[in-house]
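User: I am learning how to read pockets in a protein model. Please take me through them step by step.

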Amino acid sequence: IRGAGTWKSERVIASRQGPHLRLADGGAGIINFCANNYLGLSSHPEVIRAAVEALEKFGAGLSSVRFICGTQSIHKDLEEKIARFHQREDAILYASCFDANAGIFEALLTPEDAVLSDELNHASIIDGIRLCKANKYRYKHMDMQDLEAKLKEAQKHRLRLVATDGAFSMDGDIAPLREICQLAQKYDALVFIDECHATGFLGPNGRGTDELLGVMDKVTIINSTLGKALGGAAGGYTTGPKPLIDLLRQRSRPYLFSNSLPPAVVGCASKALDLLMESNAIAQSMAAKTQRFRSKMTTAGFTISGKDHPICPVMLGDARLASVMAEDMLNRGIYVIGFSYPVVPKGKARIRVQISAVHSDEDIDRCVEAFTEVGRKHGALP
């Protein structure tokens, strides 16, 4: 792994998560451009206060799974709030969205059914699909002709489920949900979306890609996370029709066999949702900052994957180049990470930059300047 230049090291942070960090090895004044802290709520004073209050009132943890003696009133309140936020009937909490994705396909689909998955879906979706006994179809990334061909082929099965990321975490592109939902309606299929990189900031009110693209009433199931825009702590959930949620409480293995979410985590996420439902100002603050970075980097000569998403992959191709450039960026006070195989396909190494609502224009401009210097030094720019 080291020889291939794909060894992944962990940088140790000695401060709170936020736009500016202090590293454990003494690095101070580092500008952070690689967290999923899209709305800056990980260190928001009201979110932290809510966590402390929940910790003091409900304790450190439940020492149990939900159906034995691990359900508190705050868990039910948060599930109701999630369902209301997404305008769905019900919701169920998990320890992570990885667990939510691991728990849904096996519980929902039988050997008589079919699941159709985008080839670039997140690893957790892929793993969840592997666990189920349904017939599996993989369609080319966001290719609606290929999806339609696979849907035609899958008509022989009892139930068809199209599964896709709403926003793809490595490429910053957004699934064509309008077209997917049209095909699903035509071929009598259900639609599942993973909204981990959309919940909280995509759409007029931050409800995600289905709101952004006007198909909230056509997407059947949403899985998402509490560990990114919604407070940044941990946890995931499924929201959708009540009969589905009832089934998951009975049959979803990660739910049945994992400890309940800690009260402090529940408190964080609940307050984050309160802030979003009170005002869409935080969610809307992302667009201008995302556009500023993408525009300036493109002008500088870089290729930025995706479109209009705060995930801004700087495409470099070579794994070693991505790794070396990321280290040089850190030397200039910019914290970014190079991504290479197996996280992304071979030959498509990149540095994934993530814009946050709490980045200033000065932070963004400094990041672009550092990229330009480092890119010229290593031959990524002329």
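Analyst: Start with a term: helices (at least four residues) and strands (at least two) are DSSP runs, numbered from the N terminus. Keep in mind that this model is predicted.

User: Which helix and strands each supply at least two residues of the lining of the largest pocket?

Analyst: They are strand E4 (114-118), helix H5 (123-131) and strand E5 (135-139). H5 contributes the most to this lining, namely 4 residues.

User: What is the volume of the largest pocket, and which residues are closest to its centre?

Analyst: The volume is about 640 Å³. The lining has 25 residues, and Glu119, Leu120, Asn121, His122 and Ile126 are the closest to the centre. Sorted by class, the lining holds 13 nonpolar, 4 polar and 8 charged residues.

User: How many residues line the second largest pocket?

Analyst: The second largest pocket has 19 lining residues, with Trp7, Lys8, Ser9, Ile337 and Gly338 nearest its centre. Its space is about 530 Å³. Helix H14 (319-331) and strand E12 (337-339) each supply at least two lining residues, and H14 has the largest share, 5 residues.

User: How does the lining of the second largest pocket divide by class?

Analyst: There are 8 nonpolar, 6 polar and 5 charged residues in that lining.

Conventions: Residues numbered from 1 in each chain as written. Predicted model: local features only at pLDDT ≥ 70, side-chain atom pairs only at ≥ 80, totals over all residues. Heavy atoms only, no water. 1 Å grid on protein atoms, 1.4 Å probe; cavity = no way out; pocket = protein on both sides within 12 Å on 5 of 7 lines; lining within 4 Å. Points joined across faces, edges and corners; volume = space filled by probe spheres on them. Nonpolar A, V, L, I, M, F, W, Y, C, P; charged D, E, K, R; others polar.
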